[in-house]
Amino acid sequence: MTQDELKAMVGRAALDYVAPGEIVGVGTGSTVNKFIDELGRIKDRIAGAVSSSDASTARLRALGIAVFDCNDVGEIAVYIDGADEIDGQGHMVKGGGAALTREKIVAAQSRRFICIADESKLVGKLGAFPLPVEVIPMAAQRIARQFAALGGQAMPRTRDGQPVVTDNSQHILDVHGLSIDDPLAFESSVNQWPGVVTVGVFARQKAQVCLLGTLDGVRTLNFG
Ligand code: 5RP
């Protein structure tokens, strides 16, 4: 099975967590795109979606799924999203698609976070994947120096030689070389740095369940 097929498998499996009549929280990325395609097949059975990025919103709307603003809905029963890394407690690194801020907002509004990922994303400790951090541009260099003091090398994310601009009109630093021993403490600390919009460690908004795509099928990890 290819990585793409593993992603499709967990995208399909996530439908089991969607109850009829609900508004579904929808993440961002190539794995979530598989889920959105599955959601399209049952669109008449759901009330709609809350989306974590302009890209997911466009894909949902193209399939005829209504997309609601966070402010127009109450608590969301379930949020389905991918991850760049997930550890054995459900802590994640996210933001490879630059959507981390809205992902954290929708996750915070949701009762349960169901992570869908292929097995390459499961790690013993977070930090091998360069940590995405959304920052206010004027603070980027100082934040990079703060990461250097922790042993990390922060690189501005660029595309075609230009800074990547997020859906919130901010920039992304990708921090290499970190080893994150205590995800909750790390997230709490970096969140306080002036100019940090969102750090891509999801420990407060961790996953309750991970549907992991393996060559033997979908493995369900429950984190409580
Ligand atoms: C986007 C994310 C994605 O969930 C993460 O990058 C995983 O993406 P993919 O499913 O394409 O591997 O956090 O900001």
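How many bridges join strand 8 to strand 13? The legends below take that up in a predicted model.

**View 1. Strand 8 alongside strand 13.** Three bridges link strand 8 (residues 131-135) with strand 13, and the two run antiparallel.

View 2. Zooming out a bit, the strand order reads 9-12-8-13, with antiparallel pairing in an open sheet. Strand 9 (153-156) and strand 13 (196-199) sit at the edges; each has a single partner strand, so one side of each has no neighbour in the sheet. On average, neighbouring strands here are turned by 30° against each other, direction ignored.

**View 3. Two helices against the strands.** Helix 4 (residues 100-108) lies across strand 8, strand 12 (171-176) and strand 13, and runs at about 70° to strand 13. Helix 5 (residues 140-149) packs on the sheet too, touching strand 8, strand 9, strand 12 and strand 13. The direction of helix 5 makes about 15° with that of strand 12.

View 4. The ligand has 17 residues around it, and the closest are Ser30, Thr31, Asp84, Gly95 and Lys121. For Lys94, a side-chain N or O atom is 2.9 Å from an oxygen atom of the ligand. Taken alone, the ligand would expose 370 Å², and the protein buries 91% of that.

Notes:
Residues are numbered from 1 along each chain as its sequence is written. This is a predicted model: local features need pLDDT of at least 70, side-chain atom pairs count only at pLDDT 80 or more; totals for chains, interfaces and linings use all residues. Side-chain values use heavy atoms; hydrogens and water are left out. Two strands pair if DSSP finds at least two bridges between them. Helices (H or I, at least four residues) and strands (E, at least two) are DSSP runs, numbered from the N terminus. Axes are lines fitted to C-alpha atoms, for helices over the stretch in contact, and angles run from 0 to 180 degrees between N-to-C directions. Contact means heavy atoms within 4.5 Å. A residue is near a molecule or strand if one of its heavy atoms lies within 4 Å of it. A polar contact is a pair of N or O atoms within 3.5 Å; within protein, one must be able to donate a hydrogen and the other to accept it, and residues adjacent in sequence count only if both atoms are side-chain atoms. Accessible areas come from the Shrake-Rupley method with a 1.4 Å probe; for residues, only the protein chains shown count as cover.
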